[in-house]
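The following exercises are meant for a reader meeting this structure for the first time. Each task is followed by a solution in steps.

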Amino acid sequence: MMVLNKYPKLDVHGETTQTVVFVVNDFLNDNYKMKNKYVVIIHGKGTGKLKQKVHEILKNSQIVNRFELDIDNLGQTIIELKI
């Protein structure tokens with residue numbers, strides 16, 4: 001079981017599906033440069049539109065190795081970066 005509180009987190013509550021693209025990509029790139037292997041994005045549960053957009057961004061990213069929903073909190077996604 002991963003201890004998620006030690007990993008960098010990004011909370012995208014309140015972002016739109018348009019602005020979340022820039023925020024998430026900046027967060028991923030910054031953490032990739034800092035050689036952080038794991039990061040967490042908090043998108044909430046809500047309608048699922050933010051989660052869907054975040055997962056689309058992650059799927060298309062060249063620096064993301066894999067990602068999955070946190071089974072203990074479906075409002076956040078755990079990401080493993082390629083470092």
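The exercises below concern a predicted model and treat its sheet, helices, cores and side-chain pairs in turn.

**Exercise 1.** Determine the order of the strands in the sheet and identify its edge strands.

*Solution.* Step 1: the open sheet has 4 strands in the order S1-S2-S4-S3, with mixed pairing. Step 2: strand S1 (9-11) and strand S3 (64-70) each pair on one side only, and these are the edge strands. Step 3: neighbouring strands are turned by 20° against each other on average, direction ignored. Step 4: S3 and strand S4 (residues 73-81) run antiparallel and are joined by 6 bridges; Val-64 has Leu-81 of S4 as its bridge partner.

**Exercise 2.** State which strands each helix lies across.

*Solution.* Step 1: helix H1 (residues 19-33) lies across S1, strand S2 (38-42), S3 and S4, and runs at about 165° to S2. Step 2: helix H2 (residues 49-60) lies across S2, S3 and S4, at about 160° to S3.

**Exercise 3.** Describe the largest nonpolar core and the other core that lies apart from it.

*Solution.* Step 1: the largest core holds 16 residues, of which Val-12, Val-24, Leu-28, Ile-41 and Ile-79 touch the most other members. Step 2: at least two residues of this core come from each of H1, S2, H2 and S4.

**Exercise 4.** Find the aromatic pair and explain what parts the pair ties together.

*Solution.* Step 1: the whole structure contains 1 aromatic pair. Step 2: the partners are Tyr-7 and Tyr-38, 5.4 Å centre to centre, with 55° between the planes, a tilted arrangement. Step 3: Tyr-7 belongs to the segment before S1 and Tyr-38 to strand S2, so the pair ties together parts 31 residues apart in sequence. Step 4: Tyr-7 has 18% relative accessibility and therefore counts as buried, the cut-off being under 20%.

**Exercise 5.** Trace the salt bridges of Glu-80 with Lys-37 and Arg-66.

*Solution.* Step 1: Lys-37 and Glu-80 meet in a salt bridge of 3.4 Å, N to O. Step 2: Lys-37 lies in the loop between H1 and S2 and Glu-80 in strand S4, so this pair ties together parts 43 residues apart in sequence. Step 3: Glu-80 is buried, at 9% relative accessibility, whereas Lys-37 is partly exposed, at 35%. Step 4: Arg-66 also forms a salt bridge with Glu-80, the closest N and O atoms being 2.9 Å apart. Step 5: through shared partners, salt bridges join Lys-37, Arg-66, Glu-68 and Glu-80 into one network.

Methods
Residues numbered from 1 in each chain as written. Predicted model: local features only at pLDDT ≥ 70, side-chain atom pairs only at ≥ 80, totals over all residues. Heavy atoms only, no water. Pairing = 2+ DSSP bridges. Axes fitted to C-alpha atoms, helices over the stretch in contact; angles between N-to-C directions. Contact = heavy atoms within 4.5 Å. Phe/Tyr/Trp six-rings, centres within 6.5 Å; stacked < 30°, edge-to-face > 60°. Buried < 20%, exposed > 50% of the residue type's maximum accessible area, 1.4 Å probe, protein only. Core = buried A, V, L, I, M, F, W, Y, C linked by side-chain atoms within 4.5 Å. Salt bridge = Lys/Arg side-chain N within 4 Å of Asp/Glu carboxyl O.
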